[in-house]
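Trainee: I would like a close look at one part of this model, the aromatic residues and what surrounds them. Please take me through it in one connected account.

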Amino acid sequence: MDVSGQETDWRSAAFRQKLVSQIEDAMRKAGVGHSISSKDMENHVFLKAKTRDEYLSLVARLIIHFRDIWLSRGAPASWNPWKPSNRTSG
């Protein structure tokens, strides 16, 4: 997960959009259809988090949840959602 930048950047729209895209990719890989969009999930996490570390931790847990779903369906264990070559483009 590419999250480099200063502490204040975590609240910027550009930073948040990167994470929305990563959540969306994880959802797509897992093959889950949710009534809640990746943007709505990220927004819920954003509103709940008080710090950058807490925000990133919650987003990571969400992505890991979808990765675990995908792995339980027979996906390769080597898949890493934070590795750029494993991400799909929108």
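Mentor: Rings of Phe, Tyr and Trp (its six-membered ring) count as a pair if their centres lie within 6.5 Å; planes under 30 degrees apart are called stacked, over 60 edge-to-face, and the rest tilted. By that rule the structure holds four aromatic pairs. One of them joins Trp-10 and Phe-46: the ring centres are 5.5 Å apart and the planes stand at 55°, so the pair is tilted. Helices here are DSSP runs (H or I, at least four residues), strands are runs of E of at least two, and both are numbered from the N terminus. Trp-10 and Phe-46 are both buried, where buried means under 20% relative accessible area, exposed means over 50%, and partly exposed lies in between (1.4 Å probe, protein chains only).

Another pair is formed by Phe-15 and Tyr-55, whose ring centres are 6.4 Å apart with planes at 40°, so this pair is tilted. Phe-15 sits in helix 1 and Tyr-55 in helix 3 (residues 52-72), 40 residues apart, so distant parts of the chain are again linked. Phe-15 and Tyr-55 are buried. Trp-10, Phe-15, Phe-46 and Tyr-55 form one aromatic cluster.

A charged group also belongs to this part: Arg-16 lies over the face of Phe-46, at 3.6 Å from the ring centre. The criterion is that NZ of Lys or CZ of Arg is within 6 Å of the ring centre and within 35 degrees of the ring normal.

Before going further, a note on the source. This is a predicted model, in which local features need pLDDT of at least 70 and side-chain atom pairs count only at pLDDT 80 or more, while totals for chains, interfaces and linings use all residues. Residues are numbered from 1 along each chain as its sequence is written, and side-chain values use heavy atoms, with hydrogens and water left out.

The cluster can now be placed in the fold. The protein has three helices and zero strands, in the order α-α-α along the sequence. Helix 1 has 18 residues and reaches 25 Å from its first C-alpha to its last, close to the expected 26 Å, which is 1.5 Å times one less than the number of residues. Among the buried residues of helix 1 are Phe-15, Arg-16, Leu-19, Gln-22 and Ile-23. The buried residues of helix 1 pack against helix 2 and helix 3, with contact meaning heavy atoms within 4.5 Å. At 7% relative accessibility, Gln-22 counts as buried, and its C-alpha is separated by 9.1 Å from that of Val-59, 37 residues away along the chain. Just after helix 1, Gly-31 takes a positive phi of about 70°.

In helix 2, the buried residues are Ser-38, Met-41, Glu-42, Val-45 and Phe-46. They cover an arc of only 135° around the axis, which puts them on the same side of helix 2; the arc is that of the directions from the helix axis to the C-beta atoms. Helix 1 and helix 3 are included in what covers them. The face turned away from this buried side carries the exposed residues His-44, Leu-47 and Lys-48.

For the whole protein, buried residues make up 36% of the 90 residues.
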